Amino acid sequence: MGNNYRMVAKTLFGFEEVLETELRNMGAMQVEKGVRSVAFLGDKGFMYKANLCLRTALKIVKPISSFRVRNENDLYKGVYDIPWENFMSVTQTLAVDTVVHSEKFNHTLYVALKTKDAIVDRFRNVRGKRPDVDLKHPDLKINVHIQKDRCTVSLDSSGASLHHRGYRTATNIAPINEVLAAGMLLLSGWDGQSDFLDPMCGSGTIPVEAAMIACNIPANINRREFAFEKWSDFEPDLFEKITESSLNKAREFHHRVYAYDKAPSAVRKAKDNVRNANLGEYIEIEQQDFFTTEKNAPGKLHMVFNPPYGERLALDMQALYKGIGDTLKQNYPDTDAWFITSNMEALKHVGLRPSRKIKLFNGRLESKFVKYEIYEGSKKAKWQKND
């Protein structure tokens, strides 16, 4: 137990339970769900694994100090008292990232500035020199979280948000964040046990995440770097061992992931991203208009997609959503279809009753993630058959 410490995985609203399950399945201890976050206990190797494998985490931070703050002097003193020389050298660079929910501090930039002052002043007094700030590629990224009168200072082990998986070089106008895509897939119960279709795939994020889940490929295997690789206690051999053992858990996927888009430019981008993720053998991308397609194989089909929300005319959106409902009903029997939308008005025009509605956010847009179960034949026939 001596080498274990508290960490916090941050996530998007609505994915706290999914992330909690991911952490438990990965072997985390003392897992505690919060708001947009899950706290847990693990060692250094587990921190590497969490960054590499968690699908619904945006960041993994390691708290190093927590103290009470009533004013800026408390903040300065609390940060100054942390032995920063144990975490970085004077020749390394730093950056401070802040989240503030407090009436006493209403300016995140000011909190960041005060934090930076305390760190460099300590270095000046202890080492006679001060480290520089580098906002783009710091050697140490520091996270300051103030909730009412409690300040928690953490080291950010991830660096750039973990939704930057590294496979997506091409995006379309409104790409869906990779963590949002993975979270929706896990919420929908996708487990790779059937064929999968994204009928409006844009730049291909949902199909790529679906194939990675189906094959149990670590979420961030294509990522170039993590912040912990610059930490003074980084162990490259351990990280390599963790990466290797995570890759060894990959499994075969015996179905197909299909993806359609009617825009040739989207199809090109999606194909590029699939190639970057090395998943070409599992994913088929075609230029197709969903409304003219039908289910192409017997058996269960799992569908997750992100239709347009309505940058165009309201009437247009009503027709689009009615088209989604009609196409599902007429052409896609035995299908679980899930999609996300922030257009609640257009949703009424689908003409089917959703069996589930989950509140999520796509960026800043409050959205609903809805499920439609399309039966083989009618419901009535289904129940008669089962009698």
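Begin by selecting Asp 121 and Arg 124, which both lie in helix α4 (residues 108-127), three residues apart, or about one turn of the helix. In an α-helix there are 3.6 residues a turn, so residues three or four places apart point the same way. Asp 121 and Arg 124 form a salt bridge, in which the closest N and O atoms are 3.1 Å apart. Arg 124 counts as partly exposed, because its relative accessibility is 41%, a value that falls between the limits of 20% and 50%.

Before going further, please keep in mind that this is a predicted model. The chain averages a pLDDT of 92, and 94% of the residues score at least 70. If you select residues 379-387, however, you will be looking at a stretch where pLDDT stays under 50 and for which the model has one contact beyond four places in sequence. Where pLDDT is low, the predicted coordinates should not be read in detail.

**Salt bridges between separate parts of the chain**

How many salt bridges does the structure hold? There are 22 of them, and the next one to select joins Glu 17 to Lys 33, with the closest N and O atoms 3.3 Å apart. This pair links distant parts of the chain, since Glu 17 belongs to helix α1 (residues 16-26) and Lys 33 to strand β2 (residues 29-33), 16 residues apart. Are the two partners buried or exposed? Glu 17 counts as exposed because its relative accessibility is 54%, while Lys 33, with a relative accessible area of 43%, is partly exposed.

Now select Arg 165 and Glu 209, another salt bridge, whose closest N and O atoms are 3.0 Å apart. Arg 165 sits in the loop between β8 (150-156) and α5 (178-187), whereas Glu 209 sits in helix α6 (residues 205-214), so the pair ties together parts that are 44 residues apart in sequence. Both Arg 165 and Glu 209 are buried.

A further stop is the set made up of Lys 44, Asp 233 and Glu 235, which are linked in a network of salt bridges.

Leaving aside neighbours within four places in sequence, Ile 242 is in contact with Gly 45, Tyr 48, Lys 49 and Leu 52.

**The second largest pocket**

Finally, select Lys 10, Val 35, Arg 36, Ser 37 and His 145, which, of the 25 residues lining the second largest pocket, lie nearest its centre. The elements that give two or more residues to this lining are β1 (5-10), β2, β3 (37-42), β4 (59-68), β5 (93-101), β7 (140-147) and β8. About 700 Å³ of space lies in the pocket, and its lining residues divide into eight nonpolar, nine polar and eight charged.

Definitions and conventions. Residues numbered from 1 in each chain as written. Predicted model: local features only at pLDDT ≥ 70, side-chain atom pairs only at ≥ 80, totals over all residues. Heavy atoms only, no water. Salt bridge = Lys/Arg side-chain N within 4 Å of Asp/Glu carboxyl O. Helix = DSSP H or I, 4+ residues; strand = E, 2+ residues; numbered from the N terminus. Buried < 20%, exposed > 50% of the residue type's maximum accessible area, 1.4 Å probe, protein only. pLDDT = per-residue confidence, 0-100. Contact = heavy atoms within 4.5 Å. 1 Å grid on protein atoms, 1.4 Å probe; cavity = no way out; pocket = protein on both sides within 12 Å on 5 of 7 lines; lining within 4 Å. Points joined across faces, edges and corners; volume = space filled by probe spheres on them. Nonpolar A, V, L, I, M, F, W, Y, C, P; charged D, E, K, R; others polar.
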